[in-house]
Amino acid sequence: MTTHQHQHDEHTTAGSVVVEALYDSLAQGDVTALLSGLHERIEWVVPPGLHYGGTYRGREDVLKNVFSRFVTEWRDFTVAPEELVDAGDLVVALGHYSGTSLTTEKPMRTRFVHVWRLRDGVPVHFETVFDTHTMLLAM
């Protein structure tokens, strides 16, 4: 993964390090570690084009409404960030989602943009922007 920094100070580097660690936890299948790295009242936004689109608040809400769907709807669902753009308390990740629908057996790959907002080095807001149509076609 490539990291771009628009400011050059310790604070800037810390944001991308925090976010990269969260993606690493997810890649290892450790959702518990990922969730524990988020603020307890995180606001998590998923586009309304999906049946589980909406804004979720708190770790448990995110687990129930987002991460639990990875295993109930997809085989080999991956979140692959390829570039992080670090602007201090704002980190933007560019990458791809991929997986195979458990219902249709159709593969899916779509580009995403993740916007992370941190406070005191802890993610307090997350928003994913991606082509929901591509995902729905596979479902």
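What percentage of the 139 residues in the protein is buried? A few friendly notes follow.

1. Buried residues account for 42% of the 139, where buried means under 20% relative accessible area with a 1.4 Å probe, protein chains only. Please keep in mind that this is a predicted model, in which local features need pLDDT of at least 70, side-chain atom pairs count only at pLDDT 80 or more, and totals for chains, interfaces and linings use all residues. Residues are numbered from 1 along each chain as its sequence is written, and side-chain values use heavy atoms, with hydrogens and water left out.

2. The protein has four helices and seven strands (DSSP runs: H or I of at least four residues, E of at least two). Starting at the N terminus, their order is β-α-α-β-β-α-β-β-β-β-α.

3. Leaving aside residues up to four places away in sequence, the contacts of Trp116 (heavy atoms within 4.5 Å) include Trp44, Asp89, His125 and Phe126.

4. There is also a cavity to look at, meaning a set of points on a 1 Å grid over the protein atoms alone where a 1.4 Å probe fits but cannot get out. The largest cavity has 19 lining residues (an atom within 4 Å of a point), and Trp44, Val66, Phe70, Tyr97 and Phe126 lie nearest its centre. Elements supplying at least two lining residues each include α1 (10-27), α3 (59-73) and β6 (107-119).

Technical notes. On a 1 Å grid over the protein atoms alone, a cavity is a set of points where a 1.4 Å probe fits but cannot get out, and a pocket is an open set with protein on both sides within 12 Å along at least five of seven lines; lining residues have an atom within 4 Å of a point. Buried means under 20% relative accessible area, exposed over 50%, partly exposed in between (1.4 Å probe, protein chains only).
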